[in-house]
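Reader: Can you walk me through this one? I have a few quick questions.

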Amino acid sequence: MQSPAPVTLPGLAWPAGPDLSPVPDAADYLMGQWTVERTLLDLGTGRSGSFRGTAVFRTADDGRVLHTEDGELRWDGTPGRAGRTLVLLPGSDGTCEVTFADGRFFHDLDLRTGAWAVRHPCAADSYEGAFAAVSRDEWHARWRTTGPAKDHLQRTVYRRRPAAGA
């Protein structure tokens with residue numbers, strides 16, 4: 001598990017102090033259904049897009065937590081379906097290891113202070129991510145991807161969906 005890092009990315013302002021909501025157990029906190037609103041920006045070309053959909057965190061039979069997103073991606077106004085599946089491996093200390101669906105390591109996740117920052121090298125590209133829990137029912141994720149042919153920014157807001165019948 002990497003040490004907590006300052007949650008800063010170029011040009012990104014994050015909540016501080018009382019605007020963060022410490023999370024003692026990341027897997028427990030994330031469990032359930034969330035709406036997803038993501039903005040995408042290619043900083044090199046100025047092209048933009050958005051993703052609107054849902055995220056579901058559920059426990060698999062083997063104890064892993066599956067994170068599945070599904071929705072509509074619009075890039076320069078053109079719509080299409082998009083989705084992804086990640087896997088969280090809960091730790092006994094309330095943290096998680098996040099992997100891709102095929103089992104490759106992606107990053108650690110530690111929301112015990114309410115915020116977390118990570119780096120993920122991917123071939124010639126570098127992904128820098130930051131996460132902030134702002135309440136029991138809302139959290140944010142931001143990713144900056146840089147590389148020889150990339151300069152992208154993603155900003156995502158997740159909001160908990162009310163339980164059925166609530």
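Author: We can start with the sheet and then go to single residues. One caution: this is a predicted model.

Reader: Fine. What is the order of the strands in the sheet?

Author: The order is S6-S5-S4-S3-S2-S1-S10-S9-S8-S7. It is an open sheet of 10 strands, with antiparallel pairing.

Reader: Which strands stand at the edges?

Author: Strand S6 (105–109) and strand S7 (115–122). Each has a single partner strand, so one side of each is left without a neighbour in the sheet.

Reader: And how are neighbouring strands turned against each other?

Author: By 20° on average, direction ignored.

Reader: Take S7 and S8. How many bridges?

Author: S7 and S8 pair over 8 bridges, in the antiparallel sense. Proline 121 stands opposite serine 126 in S8.

Reader: What about the hairpin of S7 and S8?

Author: There are 2 residues between the strands. In that hairpin, alanine 123 takes a positive phi near 55°.

Reader: Next, how many bridges between S8 and S9?

Author: S8 and strand S9 (residues 138–147) pair over 9 bridges, again antiparallel. Serine 126 stands opposite threonine 146 in S9. Alanine 133 faces tryptophan 139 of S9 in the pairing, standing opposite. These two strands, S8 and S9, also form a hairpin, with 2 residues between them.

Reader: And S9 with S10? How many bridges there?

Author: 10 bridges join S9 to S10, and the two run antiparallel. Glutamate 138 stands opposite arginine 159 in S10. S9 and S10 form a hairpin too, with 2 residues between them.

Reader: Why is S9 called largely enclosed?

Author: Because 8 of its 10 residues are buried, S9 is largely enclosed by the rest of the structure.

Reader: What joins S10 to S1?

Author: 9 bridges join strand S1 (residues 32–42) to strand S10 (residues 150–160), running antiparallel. In this pair, leucine 40 stands opposite glutamine 154 in S10.

Reader: Now the side chains. Is glutamate 128 buried or exposed?

Author: Buried, with a relative accessible area of 19%. The cut-off for buried is under 20%, so glutamate 128 falls within it. Glutamate 128 is found in strand S8 (residues 125–135).

Reader: What does its side chain make a polar contact with?

Author: The side chain of arginine 119, at 3.0 Å. Valine 118 is 10 residues from glutamate 128 in sequence and 5.8 Å away in space, C-alpha to C-alpha.

Reader: Switch to histidine 67. Where is it?

Author: Histidine 67 is in strand S3 (residues 65–75). It is buried, with a relative accessible area of 5%.

Reader: Which side chain makes a polar contact with histidine 67?

Author: That of glutamate 69, at 3.0 Å.

Reader: What else is histidine 67 in contact with?

Author: Leaving aside neighbours within four places in sequence, histidine 67 is in contact with Ala55, Val56, Phe57, Arg84, Thr85, Leu86, Leu88 and Tyr158.

Reader: And the core. How many residues has the largest nonpolar core?

Author: The largest nonpolar core has 27 residues. Those with the most contacts inside it are Tyr29, Phe57, Leu109, Leu111, Phe131 and Trp139. Helix H1 (residues 26–30) gives the most to this core, with 4 residues.

Reader: What is leucine 109 in contact with?

Author: Beyond its neighbours within four places in sequence, leucine 109 is in contact with Ala26, Leu30, Thr95, Cys96, Val98, Trp116 and Phe131.

Reader: You listed a cysteine. How many disulfides does a search find?

Author: A search of the whole structure finds 0 disulfides. Cysteine 96 is buried, with a relative accessible area of 1%. Cysteine 122 is partly exposed, at 33%.

Reader: Last one, threonine 59. What is it in contact with?

Author: Leaving aside neighbours within four places in sequence, threonine 59 is in contact with Met31, Arg64 and Val65. Its place is in strand S2 (residues 48–59). Threonine 59 is partly exposed, with a relative accessible area of 47%.

Reader: How far apart are threonine 59 and aspartate 28?

Author: They are 31 residues apart in sequence and 9.8 Å apart in space, C-alpha to C-alpha.

Conventions. Residues numbered from 1 in each chain as written. Predicted model: local features only at pLDDT ≥ 70, side-chain atom pairs only at ≥ 80, totals over all residues. Heavy atoms only, no water. Buried < 20%, exposed > 50% of the residue type's maximum accessible area, 1.4 Å probe, protein only. Polar contact = N/O pair within 3.5 Å; in protein donor to acceptor, adjacent residues only side chain to side chain. Contact = heavy atoms within 4.5 Å. Pairing = 2+ DSSP bridges. Axes fitted to C-alpha atoms, helices over the stretch in contact; angles between N-to-C directions. Disulfide = S-S within 2.5 Å. Core = buried A, V, L, I, M, F, W, Y, C linked by side-chain atoms within 4.5 Å.
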